[in-house]
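Thanks for coming, everyone. I'd like to walk you through one model this morning. Please have a look at it before I start.

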Amino acid sequence: MTLNGNLLVAGKEKRGSNGEFYATEAATGKSLPVSFAGASVDDVETAAAQAWEAFASYRETDLESRAAFLETIAAEIESIGDELIIRAMSETGLSRGRLEGERNRTTGQLRLFAKEVREGRFQELRFDAGDPSRKPVPKPDLRLRNVPVGPVAVFGASNFPLAFSVAGGDTASALAAGCPVVVKAHSAHPGTSELVGRAVQRAVEVRRLHPGTFSLLFDTGFEVGQKLVADHRIRAVGFTGSRRGGTALMEIASKRRQPIPVYAEMSSINPAILFPNALAKNVEGIAAAFVSSLVLGAGQFCTNPGLLLAIDGGALDAFIAQTAKLLTEVAPQAMLTPSIARTFCEGVERLRLHPEVRAVASGLPGSEFQGTAALFETTASAFLAHDELQNEVFGAAGIVVRCRDLTELETVIDALEGQLTVALFVNHDDEADARRLVPKLEMLAGRLLVNGFGTGVEVSPAMVHGGPYPATADGRSTSVGTLAIYRFLRPVSYQDFSTGLLPPALRNMKA
């Protein structure tokens, strides 16, 4: 398939008029072939208007047709073949194996949502029969269903060019809910985005849907994203990225005449609590698991374990020594973009120079486009006194916090911001202490794990990939798993409707 860098607006292809840019080869910083043109304000207007027009028909698609559409997108993505993987490798520096797995995850979650749509449970159909004879007032006939909220703006993520981008979880769940989607592609992987965008566009054509059901826009700055969120026809936003970017979009959405929800996944350092008995019994195993999780994908995961909490003592000393030994042998890895590499190096350097922080170990040095893994340590009192030590360093960097006892460890937990994950490493002798912490941890994160790190995220009906702010903008939601569909639905109650007026799904119901 030939890339041309054009916008895909409601079934039509056009060259953007708002500047141009090139994708960058992550490993070298060199520009890749094909220029991409940014969308104009008029392009945003057209995409939003067409999405709103499409909403009238797409929201009423029968469940089988909608499920088939999601499955067609998955098949079209698979039909691109190796071209998609090769382009994504160049643009992101991620390995073939990682990207092939991510493609499988992308198509798998599309098919999972197709299954969810067919089952229809997300509609939450309810019926409370009326009773005209009830005294002192008659009881009304009440029926309820969830309806789609309207067109959704989706922002592609830098670190998951497939699973959290053009046809990723936000797009899949919005389409499953019955909402047209306008995607603002991430500038880090525009070629990958165009290839997937064309696959979605073909699926729209194959299923004979309104062309406004899907659009793909490029941006040379921030204007397109800002205009998209501000447009009155956009009714929800899906975003994965920095806290700065997410809060900026939230502010725009909140100032609209009709404010809308922004489901933003932003910042998390994903604490792991290392209980002393578990450490004493399995120092080498836990150290190896931590290093593997820390450096996976150059640490560019929203679930990267950036914080370790442990009680001071010989077991912790042994763990740090073993972790340092493993880290010194870790090769540097290409980071997603030169700017991400620079930001990572700056974050590591800030920790290295912090007066209350000690550098433990680092991996092998690399080029300016690569990230070198690093581990630091500090005390609980220093961590509590310096809020900046909670700041996420996006990459393979972590910090160990030495706590005097379990009470001080609890104090650190109480001071933490919202997180996506918290991991507990325990054995039988630690369970009483761990049980004491679980209620606090439920308030802290969306996913709790035992004896494993949260870097891998299973796409499952029981998965929560969300958490209290700033992990996500709304801790009641998830961006992974079938519960993600509920972000783009709202309940409507129908009182005393005749059968002919009722939506088909609510007819012939029995209390």
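**Backbone, cores, rings and sheets**

A10 sits in the loop between β1 (7-9) and β2 (12-14). Strands here are DSSP runs of E, at least two residues, and helices are runs of H or I, at least four residues, numbered from the N terminus. Phi of A10 is near 50°, a positive value in a residue other than glycine. A10 is buried, with a relative accessible area of 7%. Buried means under 20% relative accessible area, exposed means over 50%, and partly exposed is in between, with a 1.4 Å probe and protein chains only.

Some ground rules. This is a predicted model: local features need pLDDT of at least 70, side-chain atom pairs count only at pLDDT 80 or more, and totals for chains, interfaces and linings use all residues. Residues are numbered from 1 along each chain as its sequence is written, and side-chain values use heavy atoms, with hydrogens and water left out.

Back to the backbone. N270 also has a positive phi, about 50°, although it is not a glycine. Its place is the loop between β11 and β12 (271-274). At 2% relative accessibility, N270 counts as buried. Then the cis peptide bonds. One joins K135 and P136, with omega about 5°. P136 lies in the loop between β5 and β6. Another joins Y469 and P470, with omega about 10°. P470 is in the loop between β20 and β21. Why point these out? Most residues other than glycine have a negative phi, and most peptide bonds are trans.

Now the cores. A nonpolar core is a set of buried Ala, Val, Leu, Ile, Met, Phe, Trp, Tyr and Cys residues joined through side-chain atoms within 4.5 Å. The largest one has 72 residues. Those with the most contacts inside it are F69, L70, I73, I77, L216, L217 and F488. Helix α2 (residues 63-80) gives the largest share of this core, 7 residues. A second, separate core has 40 residues, among them L307, A380, L406 and I413.

Take I77. What does I77 touch, not counting residues up to four places away in sequence? The list is L84, R103, T106, T107, L110, A167, V196 and A199. Contact means heavy atoms within 4.5 Å.

Next, T323, in helix α11 (residues 314-327). At 0% relative accessibility, T323 counts as buried. Leaving aside neighbours within four places in sequence, T323 is in contact with A287, F290, V291 and L375.

On to the rings. Rings of Phe, Tyr and Trp (its six-membered ring) pair if their centres lie within 6.5 Å; planes under 30 degrees apart count as stacked, over 60 as edge-to-face and the rest as tilted. That rule gives 13 aromatic pairs. In one of them, F155 and F239 have ring centres 5.9 Å apart and planes at 70°, so the pair is edge-to-face. F155 is in strand β7 (residues 152-155) and F239 in strand β10 (residues 236-240), so the pair ties together parts 84 residues apart in sequence. F155 is buried at 6% relative accessibility, and F239 is buried at 10%.

Y263 and F488 also form an edge-to-face pair: 5.9 Å centre to centre, 85° between the planes. Y263 lies in strand β11 (residues 262-265) and F488 in the loop between β20 (445-450) and β21 (489-495), so this pair ties together parts 225 residues apart in sequence. F488 counts as buried, at 0% relative accessibility. R487 lies over the face of Y263, at 5.9 Å from the ring centre. For a charge over a ring, NZ of Lys or CZ of Arg must be within 6 Å of the ring centre and within 35 degrees of the ring normal.

Last, the strands. Two strands pair if DSSP finds at least two bridges between them. An open sheet of 3 strands runs in the order β5-β6-β21, with antiparallel pairing. β5 (126-128) and β21 stand at the edges, each with a single partner strand, so one side of each has no neighbour in the sheet. Strand β6 (residues 142-148) and β21 are joined by 7 bridges. R145 has V492 in β21 as its bridge partner.

Finally, β17 (residues 374-379). 5 of its 6 residues are buried, so the strand is largely enclosed by the rest of the structure. β17 pairs with strand β15 (residues 358-362) in the antiparallel sense over 4 bridges. With strand β18 (residues 397-403), β17 pairs in the parallel sense over 6 bridges.
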